[in-house]
Each structure stands twice: as structure tokens, then as C-alpha cells.
Amino acid sequence: MKRIAALMTVLALMLAFSACGALSQVTDMVNELASSSNATSEGGKLIEGKPGEKVTTYFFDFTLNDAKEVDAAQVGHTLSSEDNKLIVVDVTIKNIDEESIPMYYDDFALDNNDFEDYLFPVENAGYPDQLQNEFELAPSESATGKLYFEVPSKYSAFYLMTMDFFEEDIEGDTYSVRFTV
């Protein structure tokens, strides 16, 4: 959020100074600000963590506390295929920004290098301790909850992924925690 506000200020300065001939100085400021966050239109770097270890993104810290397979019928989930299983990932998220940040159920996804696309959590259906589809974290506030993923049964190793996103489709770093169930 801080970076977005700074970028907006710099863009306003660009407009104001473009008539004064100081545009190149303001452009240099924008480039320096973007490079300091690893933010580019192609994305930043990959940062890997481990289960139980705090991973720090630009906006929040997160910890993958636990991951396991659960009986879909026990939580009231109907699998979309008999070749799938339900896994639950317990995470703790802490806002490290100076402003409140919105969080969404699809801020995290799974990958395993074989998937064509990321697998996103099941939208909130009232499963035990499931994180809400949308919630807000105040500065320094934490939330712990579960993300439920329907995955192909043949896989047991996954990467919990999240990415820094900024305004104007600018992608920052990608964060990954490998785990098995």
C-alpha cells in the first residue's frame, strides 16, 4: 500500500513537471522505486520457505502451520471427480503493512510443477476453521485459518504459492512453501 501511494505521488509529479522539463528526474524516481521492490510487469524473484517457517512478503507474513488430507464427506464437500482428494492447509497470516490490507481466498494457490494452472482454494463453504472468501487485516493483525484444496489424488507434494501484486498489473516477488501430504 505504501508503494502504491508513492507511485501515485510520483505519477502526479510526472504530470506536473512534464511541462517544466523535469520529466527525466521524475522518471528516474519511478524506475528506482519499482526496482527496489523487485516489481516488474514480468514478475520479481522466487522466494522459498519451509513449513513452520515465517515467510515475509511485501504486505504480510505467512506461515504454513500444517497440511493434511481430510475426508471430504466428513467436512461436507463433494469432490468433483472420484480421482480427486481434499487437502487442508492451515496458515497464519499477519499484516506487516502500515495500512489495513484486504485478503481474498485466492491470494494463495497450489502448484506442483505438473499442473497446467494453479489450483485455488475452495470458496468458503463453512468448513471447519475455513478462512473467509474476503477479510481485512488491520496493521499488525493476524488471522489463522484453513484453506481447502481439491487436488488430483495421485499427487502428494505441493507448493503453497502467493505473489505480491501492485497497481497496474505489476507483479512483485513470488513466495513458495513446499509440503507433502
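User: Hey, just opened this one. Are Lys146 and Asp90 buried or exposed?

Analyst: Both Lys146 and Asp90 are buried. Buried means under 20% relative accessible area, exposed is over 50%, and partly exposed is in between, using a 1.4 Å probe and protein chains only. Keep in mind that this is a predicted model, where local features need pLDDT of at least 70, side-chain atom pairs count only at pLDDT 80 or more, and totals for chains, interfaces and linings use all residues. Residues are numbered from 1 along each chain as its sequence is written, and side-chain values use heavy atoms, with hydrogens and water left out.

User: Got it. What do the side chains of Lys146 and Asp90 form?

Analyst: A salt bridge, at 3.0 Å from N to O. That term is for a side-chain nitrogen of Lys or Arg within 4 Å of a carboxyl oxygen of Asp or Glu. Lys146 sits in strand β8 and Asp90 in strand β4 (residues 84–95), so the pair ties together parts 56 residues apart in sequence. Strands here are DSSP runs of E with at least two residues, helices are runs of H or I with at least four, and numbering starts at the N terminus.

User: How many salt bridges are there in the whole structure?

Analyst: The search finds 2. Asp61 and Lys54 form one of them, with their closest N and O atoms 3.9 Å apart. Asp61 is buried, at 10% relative accessibility, while Lys54 is exposed, at 55%.

User: Back to β4. Why is it largely enclosed?

Analyst: Because 10 of its 12 residues are buried, β4 is largely enclosed by the rest of the structure.

User: And how many bridges join β4 to β8?

Analyst: 11 bridges, with β4 and β8 running antiparallel. Val88, for instance, has Tyr148 in β8 as its bridge partner. β3 and β4 also run antiparallel, joined by 10 bridges, and Ala67 is partnered with Val89 in β4. Two strands count as paired if DSSP finds at least two bridges between them.

User: New topic: which strands form the open sheet?

Analyst: There are 4, in the order β1-β10-β9-β6, with mixed pairing. β1 (46–49) and β6 are the edges, each with a single partner strand, so one side of each has no neighbour in the sheet. On the β6 side, β6 and β9 pair in the antiparallel sense over 3 bridges; Leu110 has Leu160 in β9 as its bridge partner.

User: What about aromatics? How many pairs does the structure hold?

Analyst: It holds 10 aromatic pairs. Rings of Phe, Tyr and Trp (its six-membered ring) pair if their centres lie within 6.5 Å; planes under 30 degrees apart are stacked, over 60 edge-to-face, and the rest tilted. Among the pairs is Phe62 with Phe108: the centres are 5.2 Å apart and the planes at 70°, so this pair is edge-to-face. Phe62 is in β3 (residues 60–70) and Phe108 in the loop between β5 (101–104) and β6 (109–111), so parts 46 residues apart in sequence are tied together. Phe62 is buried at 0% relative accessible area, and Phe108 is buried at 2%.

User: And how do Phe115 and Tyr155 pair up, stacked or edge-to-face?

Analyst: Edge-to-face, at 5.2 Å centre to centre and 85° between the planes. Phe115 is in the loop between β6 and β7 (134–137), and Tyr155 in the loop between β8 (142–152) and β9 (157–166), 40 residues apart. Phe115 is buried at 14% relative accessible area, and Tyr155 is buried at 15%.

User: Which residues do ring pairs link into a cluster?

Analyst: Phe115, Tyr155, Phe158 and Phe179.
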